Amino acid sequence: MKRPDLLHGDLLGVRFALNVCIASAVLWYVLRHVADTNPIWAIASMIAAADPQVVEAKRMFRSRMINVLVGCAIGLLFLLVGGEKEWKLPLALGVAVLISSYVVRIQTMWRQAPITAAIVIAAGLMHESKLTGVEHGLHKVAEVIFGCLVGLAVSWLMATLWPVRATTG
């Protein structure tokens, strides 16, 4: 096991920790105090989309956004078609995986499509009306997208303010 060489520039882990800390604080403050909502989905999304290297953060962001949109579309479709049935969830997740795997074909973050479909459908099933369910599902997706945007922005900002060279291995 190779030990980090902090004296000679192996600081990617330290910068990633700062990225996550700063982005979490931003998300927590904005979503709790400005939007009056729970920031946990946005924080989880930010962590998945963030990276200490901006090139990697952009790739993760793009992959995550595409798969979020696929999962959101499938979740909304299953939520809007037919009645409120719990069997929709596993069927929608299977469809999301198939579309993400064989149509979109972006393996990075391809788990995001069924995760997003589950978020949308679960939020929809918990409410009496379809409209309220769709509203809550879209709200959760917006939190996920906002978390990804903040993760990418903080990754870019930190890479600009504090360039750290990547180490191999």
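This is a predicted model: local features need pLDDT of at least 70, side-chain atom pairs count only at pLDDT 80 or more; totals for chains, interfaces and linings use all residues.
With a relative accessible area of 0%, asparagine 67 is buried. Leaving aside residues up to four places away in sequence, asparagine 67 touches Ser100, Val104, Ile106, Thr108, Met109, Trp110, Gln112 and Ala113.

The protein chain as a whole contains six helices and zero strands, so that, read from the N terminus, its elements follow the order α-α-α-α-α-α. Its C-alpha atoms fill a box of roughly 60 × 40 × 25 Å along the principal axes, and buried residues account for 41% of the 169 residues. Of the contacts between residues at least 6 apart in sequence, 74% join residues that are at least 24 apart.

### Helix pairs

| Helix pair | Axes come within | Crossing angle | Hand |
|---|---|---|---|
| H2 (residues 40–49) and H6 (residues 130–161) | 7 Å | roughly 40° | right-handed |
| H3 and H4 | 10 Å | roughly 145° | right-handed |

In the pair of H3 and H4, the contact is made by Ile66, Asn67, Val70, Ile74, Phe78 and Leu79 of H3 together with Lys88, Leu91, Ala92, Val95, Ala96, Ile99, Ser100 and Val104 of H4. Sorted by class, the contact of H3 with H4 comprises eleven nonpolar, two polar and one charged residues. Within helix H4 (residues 88–104), the buried residues are Lys88, Ala92, Ala96, Ser100 and Ser101, and the buried residues of H4 pack against H3 and against helix H5 (112–125). Just after H4, arginine 105 takes a positive phi of about 60°.

The axes of H2 and H6 cross at roughly 40°, which makes H2 oblique to H6. On the H2 side the contact is made by Trp41, Ala42, Ser45, Met46 and Ala49, and on the H6 side by Lys140, Glu143, Val144, Gly147, Cys148 and Gly151. The residues of this contact of H2 with H6 divide into six nonpolar, three polar and two charged.

Alanine 44 also has its place in helix H2, where a relative accessible area of 41% leaves alanine 44 partly exposed. Although alanine 44 and glutamate 143 are 99 residues apart in sequence, their C-alpha atoms are 9.9 Å apart in space.

### Cysteines without disulfides

A disulfide is a covalent bond between the sulfur atoms of two cysteines. How many disulfides does the structure hold? The structure holds zero disulfides. Cysteine 21 is in no disulfide, and the nearest cysteine sulfur, which belongs to cysteine 148, is 19 Å away. At 52% relative accessibility, cysteine 21 counts as exposed.

In contrast to the exposed cysteine 21, cysteine 148 counts as buried, at 0% relative accessibility, and Cys148 is one of the H6 residues that make the contact with H2.

Note on methods: Residues are numbered from 1 along each chain as its sequence is written. Side-chain values use heavy atoms; hydrogens and water are left out. Buried means under 20% relative accessible area, exposed over 50%, partly exposed in between (1.4 Å probe, protein chains only). Contact means heavy atoms within 4.5 Å. A disulfide is a pair of cysteine sulfur atoms within 2.5 Å. Axes are lines fitted to C-alpha atoms, for helices over the stretch in contact, and angles run from 0 to 180 degrees between N-to-C directions. Helices (H or I, at least four residues) and strands (E, at least two) are DSSP runs, numbered from the N terminus. Angles under 35 degrees count as roughly parallel, over 145 as roughly antiparallel, 65 to 115 as roughly perpendicular and the rest as oblique. A crossing is left-handed if the near helix is turned anticlockwise from the far one by less than a right angle, and right-handed if clockwise. Ala, Val, Leu, Ile, Met, Phe, Trp, Tyr, Cys and Pro count as nonpolar, Asp, Glu, Lys and Arg as charged, and the others, Gly among them, as polar.
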